Amino acid sequence: MSYSGALALLRAGVGKSGKHIAELSSLIASAASIGAVCESSQWLARRMKNAITNTSLPIVELGAGYGSVTRVLPASTVSIEIDEQRFEALRAAFPDRTILDTCAIPVLSQLTTPTVVVSSIPSVNNPQFDRLRNAIARAHKAGMIPELITYTYFPHDPLSGIFPNSAVAGVELLNIPPAFVWRYSC
Ligand SMILES: C[S@@+](CC[C@H](N)C(=O)[O-])C[C@H]1O[C@@H](n2cnc3c(N)ncnc32)[C@H](O)[C@@H]1O
């Protein structure tokens, strides 16, 4: 269900029927499982893509979801999504792309060439984030991640202390909620 669908439900009054309550519960469960109210907007997706400065390197996308960021990245991007349902939706939407249904954390230790990482994996309310952070730090130290782009919904730096340079590349207001785009580089 989309965010606008949820708003329509709320306007209709969630107390009116069990069906509304069930649909709202499903929306909340879905939002909790991706760590976001809904998929990134096209404007946030483009801001993520435009934050990449090292355009000659291969790109690996972590946490592709239903593909809102995938869509604006080059076709050569390797996209990773752990959730089976989202993985299947991605495969159907992007049949010519390389999409892996695996956890992003071990993939980072398998990088063999310098790669730009574009990550949508949440840093808040994500019990695995420390492991992801450590894997990013190791891969960066090994020279495999010269640049990384991610976003947060709060002005906190999720990967502070790992890269020599970290900066807010932009704030996207046309997203629910508004998001901070972070660029990390050597
Ligand atoms: C906030 S959503 C982002 C979806 C989409 N990229 C966007 O920006 O709208 C985060 C996605 O990361 C996926 N994810 C979370 N942890 C992951 C992991 N360890 N490995 C791969 N994907 C993961 C979730 O299943 C979810 O689809």
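## A partly exposed aspartate to start

Asp 83 has a relative accessible area of 27%, which makes this residue partly exposed (buried means under 20% relative accessible area, exposed over 50%, and partly exposed in between, with a 1.4 Å probe and protein chains only). Its side chain meets that of Arg 86 in a salt bridge, at 4.0 Å from N to O (a salt bridge is a side-chain nitrogen of Lys or Arg within 4 Å of a carboxyl oxygen of Asp or Glu). Arg 86, in contrast, counts as buried, at 7% relative accessibility.

A word on the ground rules: this is a predicted model, in which local features need pLDDT of at least 70, side-chain atom pairs count only at pLDDT 80 or more, and totals for chains, interfaces and linings use all residues. Residues are numbered from 1 along each chain as its sequence is written, and side-chain values use heavy atoms, with hydrogens and water left out.

## The chain as a whole

The protein chain has 6 helices and 7 strands (DSSP runs numbered from the N terminus: helices are H or I with at least four residues, strands are E with at least two). Starting at the N terminus, the elements follow the order α-α-α-β-β-α-β-α-β-α-β-β-β.

Of the 186 residues in the protein chain, 41% are buried. The accessible surface amounts to about 9,600 Å², with 57% belonging to carbon and sulfur atoms (areas come from the Shrake-Rupley method with a 1.4 Å probe; for residues, only the protein chains shown count as cover). Taking contacts between residues at least 6 apart in sequence, 61% join residues at least 24 apart (contact means heavy atoms within 4.5 Å).

An open sheet is formed by 7 strands in the order 3-2-1-4-5-7-6, with mixed pairing (two strands pair if DSSP finds at least two bridges between them). Strand 3 (98-100) and strand 6 (165-172) are at the edges with a single partner strand each, so one side of each has no neighbour in the sheet. From one strand to the next, the twist averages 20 degrees (axes are lines fitted to C-alpha atoms, for helices over the stretch in contact, and angles run from 0 to 180 degrees between N-to-C directions).

## Strand 5 and its neighbours

Strand 5 (residues 147-152) pairs with strand 4 (residues 116-119) in the parallel sense over 4 bridges, and Val 118 has Ile 149 as its bridge partner in strand 5. Together with helix 6 (residues 129-141), strands 4 and 5 make a right-handed β-α-β unit (right-handed if, with the strands pointing away from the viewer, the path from the first strand over the helix to the second runs clockwise). With strand 7 (residues 179-185), strand 5 pairs in the antiparallel sense over 6 bridges, and Thr 152 stands opposite Phe 180 in strand 7.

Strand 5 is largely enclosed by the rest of the structure, because 6 of its 6 residues are buried. Glu 147, Ile 149 and Tyr 151 cover one side, while Leu 148, Thr 150 and Thr 152 are buried on the other.

The whole structure holds 4 salt bridges. One of them joins the side chains of Glu 172 and Arg 47 at 2.8 Å, N to O. This pair links distant parts of the chain, with Glu 172 in strand 6 and Arg 47 in helix 3 (residues 42-50), 125 residues apart. Glu 172 counts as buried at 7% relative accessibility, whereas Arg 47 is partly exposed at 31%.

Arg 91 and Glu 88 form another, their closest N and O atoms being 3.1 Å apart. Both lie in helix 4 (residues 84-93), 3 residues apart, or about one turn of the helix. Arg 91 is partly exposed at 45%, and Glu 88 is partly exposed at 36%.
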